[in-house]
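Please look over the fold and the packing of the protein shown here before reading the notes that follow.

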Amino acid sequence: MKKPVIIIVSIMAIYIFVMLFIFTILPGIMYTTIVLEDNVRWRYSKDGWKNYDPKAELNGYKIYNPNNGDYVGKYDIQYTNKGWFVKVNREFKLYDKSMLAVKSNKFKVYNFEIETLTDNTIITSILNKASLKATDGATVGNQIQIDLDNDGSSEIIYGITNMDEMGNVRFYVMAIYIDGGYKIIKKVTGDNVPSIYVYSIVDFDRDSNLELIVKESYFSMSGCDYSLYSLVDGEYKLMISTGGSL
Ligand SMILES: [Ca+2]
Ligand SMILES: [Ca+2]
């Protein structure tokens with residue numbers, strides 16, 4: 001090769017690498033961007049969590065199963081009014097499963113199982129802690145056992161719902177058992193209590209403290225709300241919350 005050709009090829013190679021670094025590698029180092037279901041988008045940077053522009057390019061996102069943590073693959077993704085599409089062999093194809101996609105170098109999604117909570121003494125303890133009193137209807141609960149702070153022993157996440165005799169949901173409370181006591185994460189009371197459940201358990205920054213992504217849906221509204229909670233000093237604090245309806 002002649003010298004000018006080598007120089008031009010070298011400059012082009014450097015240009016491609018720099019562009020690749022700026023647009024593909026750097027965002028995964030500087031930020032964590034999470035995409036959820038109906039185009040909910042959160043971005044974490046040194047300034048904390050922010051809702052993020054839904055129109056931006058979505059190239060090279062890692063898709064996971066939100067419930068069991070299975071890695072689906074890395075794709076360019078696109079949201080339309082028909083739902084999520086992923087690029088396979090240069091063509092965008094409909095992705096009809098739950099969408100949890102991230103751009104990050106650190107992200108991990110955990111497998112978890114929801115079990116029925118049958119121990120009434122636990123239910124009573126949590127309701128006392130939350131200053132709630134069950135009505136004469138039905139009180140049902142579920143639990144997830146998982147090591148949330150990576151100290152080798154499991155914590156338990158509880159969800160308890162109470163219905164009155166007419167079948168109206170009167171309250172919902174989410175709590176964890178951690179460091180030998182119950183801590184309330186979320187409590188909703190009133191005439192319009194949503195159905196609430198743990199959508200995904202993740203570690204976005206790999207500090208071994210797991211984050212909870214919680215989904216809320218109301219019968220009277222289309223779309224859902226999603227919230228991200230982080231473990232701070234033994235308690236779950238709300239980091240960001242957003243409506244997923246379009
Ligand atoms: Ca633990
Ligand atoms: Ca974490």
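Which residues does alanine 101 touch, not counting residues up to four places away in sequence? Alanine 101 touches Val35, Tyr61, Lys62, Ile63 and Ile77, where two residues are in contact if their C-beta atoms, placed from the backbone, lie within 7 Å. This is a predicted model, in which local features need pLDDT of at least 70 and side-chain atom pairs count only at pLDDT 80 or more, while totals for chains, interfaces and linings use all residues. Residues are numbered from 1 along each chain as its sequence is written, and chains are lettered from A and ligands numbered from 1 in the order in which they are written.

**Overall fold**
- The protein has two helices and 19 strands, taken as DSSP runs numbered from the N terminus (helices H or I, at least four residues; strands E, at least two).
- Of its 246 residues, 28% count as buried, meaning that 20 or more other C-beta atoms lie within 10 Å of the residue's own.

**Nonpolar core**
- In the largest nonpolar core, which has 52 residues, Tyr61 and Ala101 touch the most other members; such a core is a set of buried Ala, Val, Leu, Ile, Met, Phe, Trp, Tyr and Cys residues joined through C-beta atoms within 7 Å.
- Strand 14 (residues 169-178) gives the most to this core, namely eight residues.
- Because domain 1 (31-105) and domain 2 (115-241) both give residues to this core, it lies between them; the domain bounds come from an automatic or database domain assignment.

- The centres of domain 1 and domain 2, taken over C-alpha atoms, are separated by 26 Å.
- The contact takes 11 residues from domain 1 and eight residues from domain 2.

Note on methods: Buried ≥ 20, exposed ≤ 12 C-beta atoms within 10 Å, placed from the backbone.
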